[in-house]
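I opened my notebook today to get to know one protein chain, page by page. Here is what I had on screen.

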Amino acid sequence: MKYFFSFFLFLLSSSLLFSQQTVSGKITDSLGNPIIYSSVLEKNTTNGTISDFDGNYSIEVNMGAALIFSSTGYTTKEIIVGELTSIDIVLQEGSVNLKEVIIVGSRTPPRSNTDTPLPVDIISGKDIVNTGQITFDKALQYKIPSFNTVQTPVSDATSLLDPYEIRNLGPSRTLILINGKRKNLSALVYTYGIAGRGETGADISAIPLDAIKRVEVLRDGASAQYGSDAIAGVVNIVLKDNPIGGSATIKTGITSKGDGEQFGVSINNASNIGKDNGFVNYTVDLSKVNLANRPGLVNAAGEIADFTSGTAEDITFVNQFLERHPDAGNINGSPGTAVAKFLINGGVDLSEKTKLYFNTAYVYKSMNSYANYRTPYWRTLDEFPYLADFFPTEDVIDNYDGYVPTFDGILNDYHSTVGFKTQKNDWNYDVSFTIGGNLQKYTVRNSHNSNFVYSPSTWIDSNNDGSVDDGEITEGQNLYRGNSPISFDAGGARFNHTVGNIDISKTISDKISLALGAEFRNETFEIIAGELASYDGGGSDSFAGSRPENAKIFNRYNFGGYLDVAYDVTDKLLFNGTLRVENYSDFGNTLVWKLSSRYKVNNNLTLRSSLSTGFRAPTLHQIYSQKLQYSFVAGQGIQVTGLINNVSPQAKILKIPQLDSEKSTNFTLGLGAKIATNFKLTMDYYNISIKDRIVLSGDITGLNIDNLNSVSFFINALDTRTSGLDVVLNYKKIPLGNGNLGFNLSGNYTIDNKRTGKIKNPAVIENSGQSVFDTNQETGIFLSRPKTKWIFGTNYAINKFNISLNNTYFGTATFKDPGLSPDLRTEFIPKIVTDFSINYDLSKKIDVTLNVNNIFNVLPEWEFKAENMAGQDLINNTNTNAFGLTPIQEQSNLITFNQRYAQTTYFGYHFSQLGILFNLSFIYKI
């Protein structure tokens with residue numbers, strides 16, 4: 001009986017100990033707003049859940065358990081359950097959850113963005129989506145003042161991804177990370193136009209918006225922490241990691257002109273792995289955007305002057321064509337695209353201290369854009385008599401009315417990381433392996449190659465009748481018409497990398513944190529040859545394919561290692577130092593360092609500063625790219641030019657030096673202030689000096705290289721300095737009526753952006769009286785982005801409504817387009833673009849959002865400015881030439897291709913020319 005009674009007591013105590021109860025409730029902030037995706041964890045277990053879109057949660061826990069409630073940006077709270085079955089939690093705004101944030105400023109154990117000695121912006125995924133922009137890069141344009149991107153007026157391959165930059169330093173000098181791991185570059189090097197010319201960047205437009213948890217933007221050089229490319233800063237995209245919940249979104253949109261129609265479907269969802277010890281969060285995003293066309297009305301006098309002899313017959317012919325086609329048939333604006341994006345993010349707890357993590361992403365993008373319309377007086381039947389057979393048009397003279405070549409691009413981009421984090425003896429270990437790649441293929445349609453003739457030896461007498469007819473000639477030879485195809489496989493390019501990382505860190509004491517690590521990276525760049533007809537002679541009209549002799553696979557690898565130490569001298573004073581060494585297989589060693597400091601004057605004011613050196617290795621694209629290309633030459637139309645690489649025989653003839661790495665020195669000084677409970681201010685000065693900056697030269701003429709009109713090449717040509725000021729103010733959660741009002745103001749002002757020292761011209765170029773870097777490129781690199789840009793936004797949340805109004809001020813942007821008189825410049829006038837958004841909770845499961853971007857239909861507008869008295873005389877001169885054009889009208893025609901690009905000029909502008917864009921989204925909460 002004694003043993004039975006003891007066993008009974010044991011069963012009773014066990015049942016009491018291990019019996020479970022369900023606890024539910026709602027998690028809100030101090031003003032009663034629901035906090036979504038808040039973590040609810042049973043203490044000392046792996047049992048947990050998250051709050052839904054309304055802040056509600058439900059969890060089964062052991063009797064007597066404690067629950068830990070946490071969310072990014074709020075203080076953590078611990079509650080003993082006891083016998084409670086309903087617990088509502090209010091989380092106070094506070095420091096960011098340090099275990100969750102990757103903060104890109106240091107490799108030591110992370111701090112909140114208010115404690116870091118470096119300027120870091122944190123933007124939630126929700127704020128990114130609420131911009132109403134369809135891609136991630138365009139969303140950042142309207143969230144971060146120092147970030148700029150815009151579609152180029154003349155696109156070709158650039159239509160697949162637009163150049164972007166932070167602090168006017170080009171895409172090559174901003175490092176992109178996904179969950180803290182390096183994103184691969186694209187296969188494209190921008191060789192056309194001015195903004196981004198000669199640069200290479202990652203395809204950030206490939207990131208599905210609904211997969212983003214938040215974005216961390218480090219506005220400071222970080223080569224010592226992350227290696228090459230991080231001269232201007234780092235953008236770290238943190239993916240959603242909630243184990244349950246999600247949404248399905250239907251998006252539709254259109255411009256006020258009735259074109260550029262958009263339609264998209266996006267699903268983000270999540271699932272637990274095993275018994276709540278892991279998660280998989282996945283996103284599928286499918287979208288299609290139609291062409292938005294914004295051509296100008298073409299100036300007949302300019303066409304007559306550029307393309308004809310000016311006879312009465314010529315004048316009649318041009319005027320009759322422009323009566324039929326006032327825009328000369330040109331199609332320019334925003335190309336049509338179809339995109340499929342897939343992304344998975346996940347993690348599994350292998351033990352209490354070890355976690356496996358993984359993510360993978362893939363995007364397929366198809367794009368269709370147009371070259372300049374070849375008018376019948378530009379591509380004439382006298383020069384190309386077969387064109388009337390190629391491109392017949394009824395009811396016009398000779399059945400020929402010109403043609404418009406099209407450019408079709410296909411892009412495939414992927415990124416995958418697998419790794420594990422573990423802890424042993426208080427040391428944190430992070431070991432990972434990343435692969436990524438970008439493939440681009442190009443097709444030119446509705447074009448021709450006047451130099452291409454199929455050799456009879458390639459013809460196939462497939463029916464063995466002793467002769468070869470037209471039908472047989474088409475076998476394996478593309479679309480055959482006469483002596484040339486009209487559709488061309490122009491080849492493409494591919495870039496891949498593999499990256500291995502080992503990162504180790506430890507908090508040595510309450511004063512010292514230590515981190516060290518190593519990285520191995522292997523890169524491969526491939527130029528893919530086009531078919532014979534695409535490059536033979538001058539190649540396919542509008543875009544020449546890559547030649548086999550240039551189509552090769554190029555490879556390099558590098559090793560890097562770093563040491564990072566953070567020392568809290570006192571509770572107020574912090575010092576952080578980083579040292580990094582890199583070895584590249586193609587250009588040797590480099591050593592860089594960084595020192596940063598933060599001083600807390602009091603709980604409401606923090607001062608911070610940093611000084612660092614950095615580097616950027618020339619990309620494989622810049623070292624090895626070589627091809628023919630079609631370029632616009634003012635007053636001469638489209639000309640064939642050549643891009644030669646630095647290891648080619650042509651480069652050796654010209655004695656062009658091989659590329660070396662860029663070296664930089666960065667200095668920042670700033671402050672962070674908490675003016676009131678919900679009112680914060682940061683202000684940061686930056687100064688970035690770059691030595692041996694790599695540029696793509698201008699077109700050098702008269703060198704007699706391979707019978708080209710001109711050649712260009714990459715060269716370490718410049719030393720530059722960029723300085724400016726970043727300001728961010730936030731005033732949130734201001735009670736107004738039954739709702740909350742918020743304001744934010746952020747701005748970037750460029751103090752200085754210029755070349756320092758002489759241009760480093762090769763002797764052959766210097767002796768020819770030319771320069772690799774002219775005034776057109778100088779303004780393009782240093783002045784073509786807004787000198788200042790400010791974003792002022794308001795947000796009001798009341799009941800089921802959330803209303804926002806954002807105003808983006810684009811300051812002056814300056815260009816000196818090729819062909820423009822040296823006595824003039826073009827300036828884009830400062831403008832304010834206003835975006836409106838209203839969100840309504842239709843039910844607990846359904847949200848509806850309406851975005852009206854650029855609500856006042858503000859468009860880019862430019863004007864001529866005089867550099868001197870001669871320039872002012874040009875502007876004032878009303879005398880006309882033989883074609884009836886004043887001197888300033890001639891200049892205007894030169895830079896707009898006779899007004900085809902009247903809104904933007906031929907080489908760029910500072911914000912979208914599409915006007916009002918309406919977007920409507922329906923969101924179903926899963």
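**Entry 1: ground rules**

I am looking at a predicted model, where local features need pLDDT of at least 70 and side-chain atom pairs count only at pLDDT 80 or more, while totals for chains, interfaces and linings use all residues. Residues are numbered from 1 along each chain as its sequence is written, and side-chain values use heavy atoms, with hydrogens and water left out.

**Entry 2: confidence**

I looked up pLDDT, the predictor's confidence in each residue, from 0 to 100. The chain has a mean pLDDT of 86, and 89% of its residues reach 70 or more. I then noted residues 453-459, where pLDDT stays under 50 and the model has 12 contacts beyond four places in sequence. A contact here means heavy atoms within 4.5 Å. Residues 472-482 also have pLDDT below 50, with 31 contacts beyond near neighbours in sequence.

**Entry 3: the whole chain**

I found 15 helices and 47 strands. These are DSSP runs, numbered from the N terminus: helices are H or I with at least four residues, and strands are E with at least two. How many of the 926 residues count as buried, as a percentage? I read 55%, where buried means under 20% relative accessible area, exposed over 50%, and partly exposed in between (1.4 Å probe, protein chains only). Among contacts with a separation of 6 or more, 69% join residues 24 or more positions apart.

**Entry 4: the largest cavity**

I needed the rule before counting: on a 1 Å grid over the protein atoms alone, a cavity is a set of points where a 1.4 Å probe fits but cannot get out, and lining residues have an atom within 4 Å of a point. Grid points are joined across faces, edges and corners, and a volume is the space filled by probe spheres set on the points. I got 16 cavities of 30 Å³ or more, and the largest holds about 860 Å³. Its lining has 48 residues, and the closest to its centre are Ile-134, Thr-135, Lys-138, Gln-151 and Ser-334. Elements that give two or more residues to this lining include helix H3 (136-141), strand E15 (247-255) and strand E44 (831-841). Strand E17 gives the largest share, four residues. I sorted the lining into 16 nonpolar, 24 polar and eight charged residues. For that sorting, Ala, Val, Leu, Ile, Met, Phe, Trp, Tyr, Cys and Pro count as nonpolar, Asp, Glu, Lys and Arg as charged, and the others, Gly among them, as polar.

**Entry 5: Thr-249**

Is Thr-249 buried or exposed? I wrote down buried, because its relative accessibility is 6%. Thr-249 lies in strand E15, and its contacts beyond four places in sequence include Asp-210, Val-265 and Phe-922.

**Entry 6: two positive phi values**

I checked Asn-446, which has a positive phi of about 55° although it is not a glycine. Asn-446 sits in the loop between strand E23 (427-445) and helix H8 (470-473), and is partly exposed at 29%. Lys-733 also has a positive phi, near 55°. Lys-733 belongs to strand E38 (residues 714-736) and counts as buried at 17% relative accessibility.

**Entry 7: Phe-792**

I ended in strand E40 (residues 788-798), the place of Phe-792. Phe-792 counts as partly exposed, at 35% relative accessibility. Its C-alpha atom is 10.0 Å from that of Asn-730, 62 residues apart along the chain. Phe-792 touches residues including Phe-743, Leu-745 and Leu-805.

Technical notes. On a 1 Å grid over the protein atoms alone, a cavity is a set of points where a 1.4 Å probe fits but cannot get out, and a pocket is an open set with protein on both sides within 12 Å along at least five of seven lines; lining residues have an atom within 4 Å of a point.
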